[in-house]
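Subject: Structure handover

Hi,

Here is the structure I promised to pass on to you.

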Amino acid sequence: MQLIPNNLIGFFQEPLESLSGVLDNTSLLLLISCVLGLLLIASFIGRMLERQTDDRVNIAVVRAFNHRIRAWWLMIAILVVGFVTGNTCTVILFGLISFWALREFITMTPTRRSDHRALFWSFFIITPLQFVMVGMEKYGLFSTIIPVYASLLIPARIAVSNDQKQFLERSAKIQLALLICVYALSFAPATLYLDLSNSHNEDVRPEGLLFFFVLITQLNDIFQYGWGKLLGDRRVIAPNINARRSWEGFIGGAATTTLVGALLHSVTPFEYWQAALLSLVVAIMGFFGGMVMSAIKRDRGVSDFGTLVQGHAGVLDRIDSMCFAAPIFYHVAKAILEHSDKVTG
Amino acid sequence: MKFMSRLLVIVAKLLSGYSVRWLDCQPDTCQRIYFANHTSHLDALVLWASLPHDLRALTRPVAAKDYWEGGPVRRHIATSFNALLIDRKEIKVHQSPVDLMIREMGNTFSLIVFPEGGRNSSDEMGRFKSGLYYLAKKRPDLELVPVYLDNMNRILPRGEVLPVPLLSCITIGEPIWLENGEGKAEFLRRARQSIIDIREATT
């Protein structure tokens, strides 16, 4: 009984506390301002390029560039709104992103009529439940609902619907969609609830850790693309899956990401080498995420997850690396924090 | 009523996440018959909602009376999206669905029809009922615009009540007319083929 009023008070107090917390943290504010500045410059350049009419600019590339910038504006808006209004809002916003990503994933994946009820469960019961558990800090539940319970219940629901055709394939598709779009991504807002009380950096906020994570995943995408372009596509890793991703891009990108991650360590609770290690992990997992999503898109014969017709890239195309990197980022960060806990305490 | 219509448009957009493509056809307020493949109860609502605002006010989806008059909620929704309800069971003399449609559209309204008659649950489009032919014969001035609705059957399949909000795509193709001396069977085959052509052009 006592639980409800307390939570309600917390709901109203949280925004004020988190706002003042973010404002106190100068290094995070500085970083957000820098990113905003860079985005403004990039948007300006994008506009200029769009106005160019001659043949020197590739219209498709400019359009893709501008779409990406728009996605980054949206991302930073979501993060800043979340930081100002509190952890609950961030979790809800990430929940909505998950919902949208799942929608794109399932749209691109052929399912059968008899999967309808299982899909309904996935969208309206499992996905919300996952984020509610993240928001309530029930680690034991949000780390098991999808990989354990959903993975048992979804095949069961499909079996009950009395259609045996491609049974394993259909169960696996829905399960993978939930794992990538919902389960994995939910670990990003879960970092907000990590215990930072014994961190190396005293006045650091959990928002800084989440911002660091999102920024590193996005920078890693840019660096891998940039190095791949810069050094040419000499050794493409898997041409059947993705004709652009080369060893040069991957290694150059991962090295740059690690370096930048180390430089940005002051917004995280970590020392520079710990931040570098986390960035390396994010770079590798981000690369894997891009490859897996490319494989799915190639198999389906589409270029993007966004729409049924060719054109705009979707949410899932933007967050694939984030999805793959989030769980391992969470767990490595948690392990480092718990370890330093033992040393100091 | 205005509010309810706006709300319906928002709900349709959220539920079906449609993207609209005008392929060899432009939005226009001239009188038209939009004819589409039919797989879901959402079809009429979503196609109507996807039209630009000024066209939406002038377009009436033709829908089944027995479904949309089942209960006060459905009836209210049907009036909000300006549906023209047709009785599929009792067809009276001089009161045939085609006569009713022509009378109701007058000189201003466009219609949305589903010539397959009922919703189709298989992947192949069903055979077209003859109504479209008689409409074209009685009003040769109307543009007959084929529309292909993609993925709607996965959002709300036949026999399900709860929708799964996937993404869908609405492609509007090049208008056709009834040719001089064209027979019923030939015309209906050509009309059906025009939707299949859109599907093949988009995938």
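Predicted model: local features only at pLDDT ≥ 70, side-chain atom pairs only at ≥ 80, totals over all residues.

Helix H6 itself spans residues 97-105 of chain B, and its buried residues are Val98(B), Leu100(B), Met101(B), Ile102(B) and Met105(B).

Now for chain B overall. Its secondary structure consists of nine helices and seven strands. With 203 residues, the chain is as compact as a globular protein of that length, because its radius of gyration of 16 Å is close to the 17 Å from the globule rule. Along the principal axes, the C-alpha atoms of chain B fill a box of roughly 45 × 40 × 30 Å. Of its 203 residues, 52% count as buried. Among contacts in chain B with a separation of 6 or more, 73% are between residues 24 or more positions apart.

A few surface and charge values may be handy for you. Chain B has an accessible surface of about 9700 Å², and carbon and sulfur atoms account for 54% of that. The chain carries 27 positive and 23 negative charges, whose mean positions lie 6 Å apart.

In soluble globular proteins, nonpolar side chains tend to be buried together. The largest nonpolar core here has 121 residues, and the members that touch the most others are Leu210(A), Phe211(A), Phe213(A), Phe81(B) and Ile170(B). Helix H12 of chain A (residues 315-344) gives this core its largest share, 13 residues. There is also a second, separate core of 28 residues, with Ile86(B), Ala136(B), Leu188(B) and Ile198(B) among them.

Which residues does Ile170(B) touch, leaving aside those up to four places away in sequence? Its partners include Tyr18(B), Val20(B), Arg21(B), Val46(B), Leu47(B), Val147(B), Leu149(B) and Met152(B).

One more glycine to look at is Gly71(B), in the loop between helix H4 (65-68) and helix H5 (72-80) of chain B. Is Gly71(B) buried or partly exposed? Its relative accessibility is 28%, so Gly71(B) counts as partly exposed.

Best wishes

Notes
Residues numbered from 1 in each chain as written. Chains lettered and ligands numbered in written order. Heavy atoms only, no water. Buried < 20%, exposed > 50% of the residue type's maximum accessible area, 1.4 Å probe, protein only. Helix = DSSP H or I, 4+ residues; strand = E, 2+ residues; numbered from the N terminus. Core = buried A, V, L, I, M, F, W, Y, C linked by side-chain atoms within 4.5 Å. Contact = heavy atoms within 4.5 Å. Rg over C-alpha atoms; globule rule 2.2 N^0.38 Å. Areas by Shrake-Rupley, 256 points an atom, 1.4 Å probe, with all protein chains shown as cover. Lys, Arg positive; Asp, Glu negative; His and termini not counted. Charge placed at Lys NZ, Arg CZ, Asp CG, Glu CD.
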